[in-house]
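Subject: Structure handover

Hello,

Here is the structure for your work. My notes on it come after the coordinates.

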Amino acid sequence: MEQPRVLIVDDEPSVRESVRMVLKDRHQVLTAAAGNQALDLITQSPVDVVLLDILMPGMDGLEVLERIKGRASGPQVIMLTATKTVKTAVAAMKLGAFNYITKPFDVDELMVTVERAIESAALAREVEALRAEVGARYSFGNIVGNATKMQAALRTVTMVAPLKTTVLITGESGTGKELIAKALHYNSPRTHRPLITINCAAIPENLLETELFGHERGAFTDAHARKLGQFELADQSTLFLDEIGELPPSTQAKLLRVLENAEFTRVGGTQPVRVDVRIIAATNRDLVQGMQDGTFRSDLYYRLDVVSIHLPPLRDRREDISALVRHFLTAKAQQLGLPEKTFSNEALDLLMQYAWPGNVRELENAIERALVLSNGALMTPSDLPQYLASGDRTPHPLKQSVMRGEIRLGEAVDQFEQELIRSALTQTGQNQTRAAELLGTTRRILKYKMDKLGLLGNGESPL
């Protein structure tokens, strides 16, 4: 392996030489007698660690430190200081120095400090590489969407991504709302901080306030220590509130206050906490209908709906299906370590003609299933799920009954919901949570529907 590169910057030749002798066996050592020379060397040949004297003629160590830290992916800096300038060294650490060593230095202390700085530099490079990889994954060029409605949505995404503007993403389950939220974050100035995501439907109502805003020690029986909430963790970053339509009314009021004032109080606390957070919200519910029903606050809706991005269902962007198929075939083969495969024309026709009620997520899952279970390089209709391979696209009998006046619309809707719920429960082995996910709703709403329609836990109607 290539040895780590260390740059020694000191105006005293004896110091440069003594440090060089200590490090030369395990490191590539460069030396510089002045700040300008050091900056030139770093520009020409990047280093892992800089040992930097504080007191130098011309450009002093603090100025050199500030210039190094102003560069992207700069090295770790260890300050070399005399005892009388220790306070200055501490100030240097506030400017971003990794550590400081006093002269005359202890050899063992020097070696340990340099090794720790090298490890820190390596970790920083790894984090930077992962961040770049994630950013590339969610770049606008990697979002498949040539349909007119999708292009309109992507134009809006491109325009608002660099801004702090609050965004509300709407669309059916599986249309890619989380993908758009990640694209908004990773193409913004906040990309250096992690995207914080919370699924409002997945957290019990009695825990949601603590999850969002945190709590103080002793706020309730099990609060043994202070806990930071998602808003605090998202400071200087982006908070993605998925399934925002499932927020209970009490939490909606508290969220509204945070959006209005950019501050909140932890549960059990008295001091307000100010945060700089960008909000992206998503829902598959009709929030306008929710306002009319009284289940969603109108003032919160208008706070969230600064910029609205609607993602069309896959059935309304069929021209994107072939491109999505190619994208998922390549991506899934790489993820699973499988050779790339293709679909026969007959199989591709089935994929193009199916209605995809589960949208892009359903298409992605169908392609992954076919890749895993097929034997040959060419996948045929028999490799697709049975409901696709059957090719049954005849009009639904309920539709025909309504159009002939045999049953009323309300009865048809109830029967159709029963069929969907039974099918989802059967497909998921009677697992209500997974069935709710498949249907693009929450377990709470699914249970309400089952009770309303008189369905038992196994999807059957009572006798």
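The model is predicted, so local features need pLDDT of at least 70 and side-chain atom pairs count only at pLDDT 80 or more, while totals for chains, interfaces and linings use all residues. Residues are numbered from 1 along each chain as its sequence is written, and side-chain values use heavy atoms, with hydrogens and water left out.

Pocket

The second largest pocket has a volume of about 390 Å³. A pocket here is an open set of points on a 1 Å grid over the protein atoms alone, where a 1.4 Å probe fits, with protein on both sides within 12 Å along at least five of seven lines; lining residues have an atom within 4 Å of a point. The volume is the space filled by probe spheres set on the points, which are joined across faces, edges and corners. Of the 18 lining residues, Val47, Ser73, Gly74, Pro75 and Arg125 are the closest to the centre. Two or more lining residues come from each of α2 (35-44) and α5 (107-137), and α5 gives the most, with four. Helices are DSSP runs of H or I with at least four residues, numbered from the N terminus. By class, the lining has seven nonpolar, four polar and seven charged residues (nonpolar: Ala, Val, Leu, Ile, Met, Phe, Trp, Tyr, Cys and Pro; charged: Asp, Glu, Lys and Arg; polar: the others, Gly among them).

Aromatic pairs

The whole structure has six aromatic pairs (rings of Phe, Tyr and Trp, the last by its six-membered ring, with centres within 6.5 Å; planes under 30 degrees apart are stacked, over 60 edge-to-face, the rest tilted). Phe213 and Phe231 are stacked, at 5.6 Å centre to centre and 15° between the planes. Phe213 lies in α8 (residues 205-213) and Phe231 in α9 (residues 230-233), 18 residues apart. Both are buried (under 20% relative accessible area, 1.4 Å probe, protein chains only; exposed is over 50%, partly exposed in between), Phe213 at 3% and Phe231 at 1%. Tyr354 and Trp356 are edge-to-face, because their centres are 4.7 Å apart and their planes at 90°. Ring pairs also link Phe213, Phe231 and Phe264 into a cluster.

Helix α6

Helix α6 (residues 148-160) has 13 residues and reaches 19 Å from first C-alpha to last, close to the 18 Å expected (1.5 Å times one less than the number of residues). Its buried residues include Met150, Ala153, Leu154, Val157 and Val160. These lie on the same side of α6, because they cover an arc of only 135° around the axis, taken from the directions from the helix axis to the C-beta atoms. The face turned away carries the exposed Thr148, Arg155 and Met159.

Regards
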